[in-house]
Amino acid sequence: MNAGLTLAVDAMSGDHGAAVAVPAALDVLATTPDLRLIVVGRGEVVQPLVAGVDPSRCRVVEATEVVGMDERPQDAVRRKKNSSMRVAINLVKSGDAAACVSAGNTGALLATARFVLGMVPGIDRPAIVSAMPAAHGHTVMLDLGANPDCSADHLVQFAVMGSVIASDLHGVEKPRVGLLNIGEEDIKGTEELREAHRRLAGTPINYVGFVEGNLIFSGEVDVVVTDGFTGNVALKTMEGLARFISSVMREEFTASPLRKVGALAAAPALRGLKHRLDPSAYNGASMVGLAGVVIKSHGGADRKAFASAVRVAIVEARKGVPSQIGGLMASVAVAETHKSPASG
């Protein structure tokens, strides 16, 4: 008999806290028959929100502290041992939950998860990965901010993790992995990029080489690998551009009565565009490389967006992403050992 899947939801973190996290998680619970929830937070806040829900499918675990959105990661790890964030991650460590979802402080969540869960063998640092819209559906990109400075080793590890995410979460059979650079020629980029490029070419990963920023949305690549500094700048630029385009379109379609009529005629196409670019559909960044599944929701996520993050956690937990990463990383290590001159 299927024992089902249990998720731990950090109900107190983020800009909206339990008012968004709990209803969103319950929305997913209602449509996922084998799902069980552990809602972590202050009882007086979360208990009224789960009133009437089947107690065999949803229970509350008390946590008296909350990590602030501006709190330093080291303080969260050392001083907030009974925070909703820490307790939710502890449930993953103990095996009571298969994954944790939190809208909390990114740095604190990453530091706490790394401290509690540890890393997948062969992976040095966790990375933040998410999907973004592209011509063929979406492109997976990492790192989006966890590691500003990266060695060639880290970039190779990110490529492994991104390949697993694209395959397991998005159903891409042989994900095409590209390394973000200022040009496609072998001589371009930093020494770390060129070294990672050379090494990736000899791995079991479907590595397609360097890609420039204009190819992120092109559909020519499924995974884009970069350091956390560049990735975060690129992500924020994309978000700003999307808001700018939306603002300009509203202005143009309301500039005159004639254009308002045109907007009515174009409404179906505009709704389709909005659906394809809807950020709530892509909410739920994976903190990959950890020895457990931890999903970061945007701090300001609404109910629909937080529910998307919960669904990402379900897929990662079912697929066993950490063990998949460990397996592929081992294959890469074997391939590199066989290529090494010292091995001959």
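## Salt bridges in a predicted model

Aspartate 153 and arginine 199 form a salt bridge whose closest N and O atoms are 2.5 Å apart, the term being used for a side-chain nitrogen of Lys or Arg within 4 Å of a carboxyl oxygen of Asp or Glu. This pair links distant parts of the chain, with aspartate 153 in helix α6 (residues 152-170) and arginine 199 in helix α7 (residues 191-200), 46 residues apart; helices (H or I, at least four residues) and strands (E, at least two) are DSSP runs, numbered from the N terminus.

The model is predicted, so that local features need pLDDT of at least 70 and side-chain atom pairs count only at pLDDT 80 or more, while totals for chains, interfaces and linings use all residues. Residues are numbered from 1 along each chain as its sequence is written, and side-chain values use heavy atoms, with hydrogens and water left out.

By the salt-bridge rule the count comes to nine, and three of these pairs are described here, including that of arginine 318 with aspartate 34, where the closest N and O atoms are 2.9 Å apart. Because arginine 318 lies in helix α11 (residues 303-319) and aspartate 34 in the loop between α1 (18-31) and β2 (35-41), the pair ties together parts that are 284 residues apart in sequence.

Arginine 79 and aspartate 75 meet in a salt bridge at 3.9 Å, N to O, both lying in helix α3 (residues 73-79), four residues apart, about one turn of the helix. Together with Arg72 they are linked in a network of salt bridges.

Accessibility is classed as buried (under 20% relative accessible area), exposed (over 50%) or partly exposed (in between), with a 1.4 Å probe and protein chains only.

| Residue | Relative accessible area | Class |
|---|---|---|
| Arginine 318 | 45% | partly exposed |
| Arginine 79 | 61% | exposed |
| Aspartate 75 | 11% | buried |
| Aspartate 153 | 35% | partly exposed |
| Arginine 199 | 16% | buried |
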